[in-house]
Amino acid sequence: MEVWDYIGKVLLAFIFGGALCAVAQILIDKTKLTPARILVIYAVTGVLLGALGVYDPLIRIFGCGATVPLTGFGAVVAKGVRRAIEERGAMGILTGALSAAAAGTGAALCLGYLAALIFSGKPKRSRRAGRKKSAGTPGNS
């Protein structure tokens, strides 16, 4: 593979993945949606696009920019369910998602646990926690 082909693929992945992140940031800033709800929206969108066969062409074009975000996880789940239904029938609805996403989920759990052992987390301070009440505030004497 030529260097310029590689750079082009990296740029495409960066543009697509960055666009997904930018949309999520806009949703966080401009709506009352919580990050958890946005993650669920992304996963469900990936499942729907994967089930409709729309996400596979995006993966071919954008590579890791389409597979790494949560939408890619949703597409993998949809693909696994489709494959398991073909192999096992209706039982594949239950087993397909788990078997398709097992490697990524297992890696995330193991690496997350390892990171928790290595690094010590600190509770997030509330913005109000460090503020003192002014003299004019009711309740101060």
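User: What percentage of the 141 residues of the protein count as buried?

Analyst: The share is 19%. A residue is called buried when its relative accessible area is under 20%, exposed when it is over 50%, and partly exposed in between (1.4 Å probe, protein chains only). The model is predicted, so local features need pLDDT of at least 70 and side-chain atom pairs count only at pLDDT 80 or more, while totals for chains, interfaces and linings use all residues. Residues are numbered from 1 along each chain as its sequence is written, and side-chain values use heavy atoms, with hydrogens and water left out.

User: How many helices and strands does the protein have?

Analyst: There are 6 helices and 0 strands. Both are DSSP runs numbered from the N terminus: a helix is H or I with at least four residues, a strand is E with at least two. Along the sequence, the pattern is accordingly written α-α-α-α-α-α.

User: Why is the pair formed by the rings of Phe16 and Phe62 called stacked?

Analyst: This is the 1 aromatic pair that the structure holds. Rings of Phe, Tyr and Trp (its six-membered ring) pair if their centres lie within 6.5 Å; planes under 30 degrees apart are stacked, over 60 edge-to-face, and the rest tilted. The ring centres of Phe16 and Phe62 are 4.6 Å apart and their planes meet at 15°, so the pair is stacked. The pair links distant parts of the chain, with Phe16 in helix 1 (residues 3–30) and Phe62 in helix 3 (residues 55–62), 46 residues apart.

User: Are Phe16 and Phe62 buried or exposed?

Analyst: Both Phe16 and Phe62 are buried.

User: What makes Ala13 count as buried?

Analyst: Ala13 has a relative accessibility of 17%, and therefore counts as buried. Its place is in helix 1. The C-alpha atoms of Ala13 and Gly63 are 5.9 Å apart, although the two residues are 50 apart in sequence.

User: With which residues is Ala13 in contact, leaving aside its neighbours within four places in sequence?

Analyst: Contact means heavy atoms within 4.5 Å. On that basis, Ala13 touches Phe62, Cys64 and Gly65.

User: How do you know that Thr71 is buried?

Analyst: The relative accessible area of Thr71 is 5%, so Thr71 is buried. Thr71 belongs to helix 5 (residues 70–88). Beyond its neighbours within four places in sequence, Thr71 is in contact with Leu20, Tyr42, Gly46, Tyr55 and Ala66.

User: Why does Trp4 count as exposed?

Analyst: Trp4 counts as exposed because its relative accessibility is 66%. This residue is found in helix 1.

User: Which residues form a nonpolar patch on the surface?

Analyst: Val3, Trp4, Tyr6, Ile7, Val10, Leu11, Phe14 and Ile15 form it, with about 910 Å² of accessible area together. Patch residues have over 30% relative accessible area and no salt bridge; nonpolar side chains (Val, Leu, Ile, Met, Phe, Trp, Tyr) are joined within 5 Å, like charges within 9 Å. Areas come from the Shrake-Rupley method with a 1.4 Å probe; for residues, only the protein chains shown count as cover. The accessible surface of the protein comes to about 10,900 Å², of which 69% belongs to carbon and sulfur atoms.

User: What makes Asp56 and Lys79 a salt bridge?

Analyst: A salt bridge requires a side-chain nitrogen of Lys or Arg within 4 Å of a carboxyl oxygen of Asp or Glu. The closest N and O atoms of Asp56 and Lys79 are 3.8 Å apart, and the pair is a salt bridge. Asp56 lies in helix 3 and Lys79 in helix 5, so the pair ties together parts that are 23 residues apart in sequence. Asp56, at 25% relative accessibility, counts as partly exposed; Lys79 is partly exposed too, with 38%.

User: How many disulfides does a search of the whole structure find?

Analyst: The search finds 0, a disulfide being a pair of cysteine sulfur atoms within 2.5 Å. Cys64 counts as exposed because its relative accessibility is 54%. Cys110 counts as exposed because its relative accessibility is 54%.
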